[in-house]
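Student: Pick one part of this model and walk me through it closely, please. I'd like the cut-offs as you go.

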Amino acid sequence: MPDYRDDLRLAHVLADAADAATMDRFKALDLKVETKPDMTPVSEADKAAEELIRGHLQRARPRDAVLGEEYGIEGTGPRRWVIDPIDGTKNYVRGVPVWATLISLMEAGEGGYQPVVGVVSAPALGRRWWAAKGHGAFTGRSLSSASRLRVSEVSRMADASFAYSSLSGWEDQGRLDGFLDLTKAVWRTRGYGDFWPYMMVAEGSIDICAEPELSLWDMAANAIIVTEAGGAFTGLDGRPGPHSGNASASNGLLHDEMLGYLNQRY
């Protein structure tokens, strides 16, 4: 199996640089925010963080391709870095500390590109999570100061904690009734939002989470961290990995049952 530890170390360096840039502008009174064509916000910090990461990668991995939320795809080849400079921009621009930089390395393989390295860094929360294929998932302050992640062992939906981002999107896809049935079947629900539910699945502090509409950069880093922690990460269609335009993550024991609810049609 390839050893991705050098790539993981680089991803941490990229996250360190992004953290410094995003925290410098967090809660800034003169922060500039624009509306993109899809009607989602983008701040100057989003753009600056992605430019910074791209610059580092151009120097350190010039032969690798880069795909980012703000500036699209650059380069070709079997290795592709996937970047979400600020996942949770709406939180960021309102001063809510639940946002993170998501960095993943994907490699071409059977079934297309698959994530092999992932780092999720949430500096306003003082948290970071990471994983490399075959090396497990961890959280901590640094590579040398970390604890291993492991999903929960909850096996009954009635005992499960379910997290999501919002109600919007489920109705558009005709999945709202199944979503609401799932909320009634579980022990507890919370709308933590964005990257955080996936990290809590990996930590074992919640058991299942799902979102109806996402982009690749929202999912790639989360996917490798959840799976290396022993969990399952698929689309709502059950396809493994971050390629379905939506996501469901779990401790694995509850995955099929969760998908059964979310695929109900009325």
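**A buried charge cluster**

Tutor: Asp64 and Arg79 make a salt bridge, N to O at 3.0 Å (a side-chain nitrogen of Lys or Arg within 4 Å of a carboxyl oxygen of Asp or Glu). Asp64 sits in the loop between α2 (44–60) and β3 (65–68) and Arg79 in strand β5, so the contact ties together parts 15 residues apart in sequence (helices, H or I, at least four residues, and strands, E, at least two, are DSSP runs numbered from the N terminus). Keep in mind that this is a predicted model, where local features need pLDDT of at least 70 and side-chain atom pairs 80 or more, while totals for chains, interfaces and linings use all residues. Numbering starts from 1 along each chain as its sequence is written, and side-chain values use heavy atoms, leaving out hydrogens and water.

Arg79 also has a salt bridge to Glu107, at 3.5 Å, N to O. That one links β5 to strand β6, 28 residues apart. Arg79 is buried, at 18% relative accessible area (buried is under 20%, exposed over 50%, partly exposed in between; 1.4 Å probe, protein chains only). Shared partners join Asp7, Arg61, Asp64, Arg79 and Glu107 into one network. Asp64 is buried as well.

Now the strands around it. β5 (residues 79–87) and β6 run antiparallel, joined by 7 bridges (strands pair if DSSP finds at least two bridges between them). Arg80 stands opposite Met106. On β6 (residues 100–109), 7 of 10 residues are buried. β6 also runs antiparallel to β7 (residues 112–122), with 9 bridges, and there Glu107 stands opposite Gln114.
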